[in-house]
Amino acid sequence: MTRFTLALALIAATPALAEPISGKEAKKLLFAPVKAEVEIMPEAGLAADQAEILKTVGAGQPYYGAIAIAPDEGLMSEATVAAANFHDTTSAAAAALADCNGKKKTESDCVIAAYIRPEGWQDVGFGLSSDATTAFEKYNMRTGALAVSAVTGAFGMAKGDGAADEALRDCAAMNEKATDCAVAIQN
C-alpha cells in the first residue's frame, strides 16, 4: 500500500467530526492528561519479554498513540515506529503503519503491536491528544473554539469573536500536513 493510498484510506476511515461540542460537554468526556496505558495486540506475535518492553516504552508516550512493527524484522528494527499524541488511536495507527511500511526492508506489511490510550480509557466517542487536553484544561473556553487535525494530531485554540476561524488557522499552522482541521469544541 502506498503512502498516498494509505492517506486516502485514513481519510475515508476517519469519521467526520459532527457538530462541535461545548467546552462543558468536552470536559465530561476527556481523560486526565497524565498517565497512559498500553494494550499489546496479540497479532504482533511478541514474546512476553518484548511485550513488557513495549508496554514500558509505550507508557511513557503521550496518548493517543500506536506502535507499528515489521513482523519479519522484529521489535528492534528501524521500522518499529511509535506515533503518539493524536486525538484517537485510529489516526495514530494509520500514521504509525505508514511510517513503518516506508522503513521496512521485508515484504510483509507492518502491523500494530500496541495502542496507547489514557489510563482508564473507555470509548466515549470523543477524544483529544494528551497535549490538546492539557491546553484545553488551562484554557477558559467560555467564548472560544478548539480545532483538531485527525491526520496529524495538531490542534489550535482561540477566544473571542472569530474564534472558530482563528482556531482552524492555528491548527493548520501547527503542521503543514494538517489540511483536515475541523472545529471540535466551540462555545
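A disulfide is counted here where two cysteine sulfur atoms lie within 2.5 Å. The model is predicted, and by this rule the count comes to two disulfides. Cys100 and Cys110 form one of them, with their sulfur atoms 2.1 Å apart. The torsion about its S-S bond is -80°, and the link of Cys100 and Cys110 is left-handed. Cys100 lies in helix H4, which covers residues 89-103, and Cys110 lies in the loop between H4 and strand S4 (111-118), so the pair ties together parts that are ten residues apart in sequence. Cys100 and Cys110 are both buried.

The other bonded cysteines are Cys171 and Cys181, whose sulfur atoms are 2.1 Å apart. Because the torsion about the S-S bond of Cys171 and Cys181 is about -80°, this disulfide is left-handed. Cys171 belongs to helix H6 (residues 163-174), while Cys181 sits in the loop between H6 and strand S7 (182-186), so this pair, too, ties together parts that are ten residues apart in sequence. Cys171 has a relative accessible area of 0% and is buried. For Cys181 the relative accessibility is 18%; buried means under 20%, so Cys181 counts as buried. With bonded cysteines counted along the chain, the disulfides follow the pattern 1-2, 3-4.

The protein chain has six helices and seven strands. Their order along the sequence is α-α-β-α-β-β-α-β-α-β-β-α-β. The chain has 187 residues, and 45% of them count as buried. Among contacts in the chain with a separation of 6 or more, 64% are between residues 24 or more positions apart. The accessible surface of the protein chain comes to about 9900 Å², and carbon and sulfur atoms hold 53% of that surface.

Two points of the backbone deserve a look. A cis peptide bond joins Tyr63 and Tyr64, with omega at about -15°. Tyr64 is in the loop between helix H3 (48-59) and strand S2 (65-69). The other point is Asn85, which has a positive phi of about 75° although this residue is not a glycine. Asn85 lies in the loop between strand S3 (81-83) and H4, the helix that also holds Cys100. With a relative accessibility of 16%, Asn85 counts as buried.

A pair of aromatic rings is described by the distance of the centres and the angle of the planes. The structure holds one aromatic pair. Tyr63 and Tyr64 form this pair, with 5.2 Å from centre to centre and 80° between the planes, and the arrangement is edge-to-face. Planes over 60 degrees apart count as edge-to-face, so an angle of 80° falls in that class. Tyr63 counts as buried at 2% relative accessibility, and Tyr64 counts as buried at 5%.

A further side-chain arrangement involves a charge and a ring. The charged end of Arg117 sits over the ring of Trp121, at 4.3 Å from the centre of that ring.

How values were computed:
Residues are numbered from 1 along each chain as its sequence is written. This is a predicted model: local features need pLDDT of at least 70, side-chain atom pairs count only at pLDDT 80 or more; totals for chains, interfaces and linings use all residues. Side-chain values use heavy atoms; hydrogens and water are left out. Helices (H or I, at least four residues) and strands (E, at least two) are DSSP runs, numbered from the N terminus. Buried means under 20% relative accessible area, exposed over 50%, partly exposed in between (1.4 Å probe, protein chains only). Contact means heavy atoms within 4.5 Å. Accessible areas come from the Shrake-Rupley method with a 1.4 Å probe; for residues, only the protein chains shown count as cover. Rings of Phe, Tyr and Trp (its six-membered ring) pair if their centres lie within 6.5 Å; planes under 30 degrees apart count as stacked, over 60 as edge-to-face and the rest as tilted. A charge sits over a ring if NZ of Lys or CZ of Arg is within 6 Å of the ring centre and within 35 degrees of the ring normal.
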